[in-house]
Amino acid sequence: MAAVLLLLITACTSSTPPAVRLKMLASTELADLGPVLAELRKATGVELAVEHRGTVEVSRSLAGFDLAWLSTARFLRLRGAEPELASSVMTSPVVLGVKRGSRAVLGERPTWADVADRAALGQFRYGMADPRVSGGGMAALIGVATAAAGTGAPLRPEDVSCDRLQGFLAGRAFDVPDPVGEFVRRSDVDGLVAHESELLSLNASGRLAEPLEIVYPRDGIVLSDYPLMLVEPAHRAAYDRVVEWLRSPAAQQMIADRTWRRPVEPSVVRNEKLRADLGTALYFPDSAEVIDRLLLFHDRAGDGRQVVFVLDYSTSMRGERLAGLREAFASLNGFDRFYVGETVTIIRFAGTVLEERSITVRGREDLDALLAVVASEDLRDNTAIWSALERGLQLAKGETAVVLMTDGENNAGPSVDEFLRVGRGEVPVFPIRFGEASTAELDRVAQASGGRLVEAGAKSLLEAVREIRGCR
């Protein structure tokens, strides 16, 4: 009898996996997987003690954990810290949830450029996760910057322009660790940038008066693939058990039903809302410098910026040159638009200052007012470049850049030497030279101020204006 009992105990022990408790670091949004992990423990004997943090924040180090389950391993990869063993368990794109009343503002299938354009004009206010902490928040910046670059390739550092992000970020109502909770608490926000799973879960929660409409930008989305990663190789056997169970059809169905994430197992029946076409997946940056640059420009965005345009309206500008200047202003839209909160100062000059106008943009009517100033037909003789530029510098306040457009030689007012006798390092000046304007003089002023000379002959006036409106 004792021998038989021992045999039964041995057989039972050999077929039952040993209980294991592992420390796991997981993205904040995976807190909704609690019931799934409870079933995992029953089925496999593996208990996961989970600590939740933002994906971007934790990607600096996984030290002290056995497993990691993040929205993406790409941030780890950029810093050379990605574990060798990883398996994708589910997916979810970063998209927009929009209130029904605000949907018409964006259009049926908007691009990220459309979103940035409406945000810049104050027509669309949204919330998002903090990109310094959250993978979802960073994915939003990557989506906008990639679409703005228009290269169809992974972002390079030189593709990331502060100016291109400013319009989009002008519509940001908040970026916080818990954007869903903040959105529910506020009534002054039109939409939310978040994972599809978070938006569908919010719609199903009953916390909203009416569900958000899910918008998939047609120029591309960033897709999170939620890899489960083995950090401590000594736990390989337990890791394999966990992955096998999570990727089983039953577990995949549970994940889809409970968390609204898309299963990686193709046989799983998906809810109709998880069958929406995602369109194009955007490339993820392959350089940590790109991420750092996105965060730098994110932190600089906000109200209070100013750009001063000092524009030559001497008679020599008549014709194609003035038409090109007006076209440049009329084309500043989408990612390049003057945005809500930005102050635009225009000084028209010839032999003297003809007109000066400062407008803080609050809506489309302010943009029309700027175009009306530029549309002036009031051209005069002579060209007082340096006295006009001096006036532009006097009007510059806060974080400002001055754009000087001229086609002539200075023949009125102070000379360039007299202008440069005063230190010129506080406000950068970006002269755009065309026609007969002196390259040497304009370059001296640009160098003295920390700006740069732009040759209108080397690129279009529009491209020059777009480039120099970027943040320093």
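Two strands count as paired if DSSP finds at least two bridges between them, and strands (E, at least two residues) and helices (H or I, at least four) are DSSP runs numbered from the N terminus. With that in hand, let's look at the sheet. Strand 13 (residues 306–312) and strand 16 (residues 400–406) pair in the parallel sense over six bridges. Within strand 16, Ala 401 is the bridge partner of Val 307.

This is a predicted model, in which local features need pLDDT of at least 70, side-chain atom pairs count only at pLDDT 80 or more, and totals for chains, interfaces and linings use all residues. Residues are numbered from 1 along each chain as its sequence is written, and side-chain values use heavy atoms, with hydrogens and water left out.

Six strands make up the open, mixed sheet, in the order 15-14-13-16-17-18. Strand 15 (353–360) and strand 18 (454–455) are at the edges with a single partner strand each, so one side of each has no neighbour in the sheet.

Now to the nonpolar cores, which are sets of buried Ala, Val, Leu, Ile, Met, Phe, Trp, Tyr and Cys residues joined through side-chain atoms within 4.5 Å; buried means under 20% relative accessible area (1.4 Å probe, protein chains only). The largest has 37 residues, with Leu 96 and Leu 294 among those with the most contacts inside it. Helix 7 gives the most to this core, seven residues.

Definitions and conventions
Buried < 20%, exposed > 50% of the residue type's maximum accessible area, 1.4 Å probe, protein only.
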